[in-house]
Amino acid sequence: MTKYTPKERLYRALRKQPVDRMPAVCFTQTGTVEQMEACGAYWPEAHEDAEKMATLAEAAHTVVGFEAVRVPFDITAEAELFGCGIKAGDLKQQPSVIKPVVKNLEDLDKLRDYKLKEGRIAVILEAVKILSEKYGKELPIIGSMIGPFSLAQHINGDAWFGNLFTGEELVPALLDFCSDFNVAYAKAMVENGADTIAIIDPTASYELIGGEYYEKYALPYQKKIADAMKELDVATVLHVCGKTTDGLSIMDKTGVNSISVDQRVDIKTATGNVKDAIIVGNLDPVAVLWNGTLEEVEEASKKVLDAGVGLLTVGCGIVSMTPTANLQKMIECAKNHKY
Ligand SMILES: [Zn+2]
């Protein structure tokens with residue numbers, strides 16, 4: 001069968017076109033301390049400097065062997081753009097959002113004239129460009145961003161889930177705002193060379209909000225991004241945390257090419273719950289990839305492959321202390337798999 005470049009192979013696999021074998025990629029964050037030591041670009045600097053970000057992203061390919069490059073390594077740059085308080089990360093820990101900025105519609109109105117290409121958003125866009133200029137012909141360039149539901153939660157803070165259930169008018173307004181931002185940001189990533197967009201919407205979880213609220217407050221907004229990307233022939237991958245098994249049929253309606261599932265999801269049931277999206281995942285990033293032996297990685301990979309996963313990869317984000325050898329074992333298992 002035809003030998004594809006990694007870029008062609010992922011393009012085809014995400015569109016259910018025949019391929020020679022499974023691509024070996026990661027749609028969640030890829031940075032690890034071993035890669036930082038190998039390439040000289042470390043957290044937290046690699047979150048803030050485009051060259052360092054690109055260098056560490058590149059290490060996922062050159063040091064580990066993933067057949068794609070992906071930025072960034074965290075999900076706080078978006079909330080930071082809108083003025084949320086951020087707790088800086090360190091060598092092993094990603095930054096996190098600690099202070100929301102929007103309590104009501106008036107607060108939201110103050111955010112509306114943001115400039116897309118400022119702060120760390122500009123850094124990430126620049127890193128996409130650097131990677132695409134270097135690898136864009138051969139490797140998939142994955143641009144990742146937080147999804148609209150989780151971004152709205154960052155911006156609204158602890159009040160978010162309460163507001164959701166009391167039906168505050170702020171909720172749809174904030175989701176409209178966030179998803180419009182997401183679409184503009186995704187388009188800017190594509191302009192800079194991204195060919196695949198990973199939407200990381202960790203708390204838009206069926207496990208937390210159930211089907212009715214997912215349909216109301218997550219589905220239409222995630223769909224907006226998927227629709228905009230489809231027009232540009234750009235594939236989308238949606239990652240949501242938690243036990244999303246029973247919510248997958250609703251998530252499938254977003255029109256994303258692929259749904260990346262948490263390690264707690266049973267792959268066989270999951271694949272039966274979707275009609276269109278490809279299910280990807282879902283090795284346990286802690287028990288298996290960080291703390292497991294090579295044999296355990298191989299065994300877990302085999303189990304997920306036998307269950308019919310679309311692409312074998314990690315469940316939630318890779319832990320920074322994960323040994324390269326374990327990731328390479330997972331990659332080897334993916335590469336050896338023929339559909
Ligand atoms: Zn997750």
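## A bridge into S5

Met145 has Ile199 as its bridge partner in S5, where strands are DSSP runs of E of at least two residues, numbered from the N terminus. This bridge belongs to the parallel pairing of strand S4 (residues 141-146) with S5, which extends over 5 bridges; two strands count as paired if DSSP finds at least two bridges between them.

The model is predicted, so local features need pLDDT of at least 70 and side-chain atom pairs count only at pLDDT 80 or more, while totals for chains, interfaces and linings use all residues. Residues are numbered from 1 along each chain as its sequence is written.

## The S5 and S6 pairing

Strand S5 (residues 196-200) also pairs with strand S6 (residues 235-240), again in the parallel sense and over 5 bridges. Within S6, Leu238 is the bridge partner of Ile199, and Ala235 stands opposite Thr196.

## Burial of S5

Because 5 of the 5 residues of S5 are buried, the strand is largely enclosed by the rest of the structure; a residue is buried if 20 or more other C-beta atoms, placed from the backbone, lie within 10 Å of its own. Thr196, Ala198 and Ile200 point one way from S5, whereas Ile197 and Ile199 point the other way. In a regular strand the side chains alternate between the two faces of the sheet.

## The whole sheet

The open sheet is formed by 7 strands in the order S1-S4-S5-S6-S7-S8-S9, with parallel pairing. Strand S1 (69-71) and strand S9 (311-314) each have a single partner strand, so one side of each is left without a neighbour in the sheet.

Conventions
Helices (H or I, at least four residues) and strands (E, at least two) are DSSP runs, numbered from the N terminus. A residue is buried if 20 or more other C-beta atoms lie within 10 Å of its own, exposed if 12 or fewer, and partly exposed in between; C-beta atoms are placed from the backbone.
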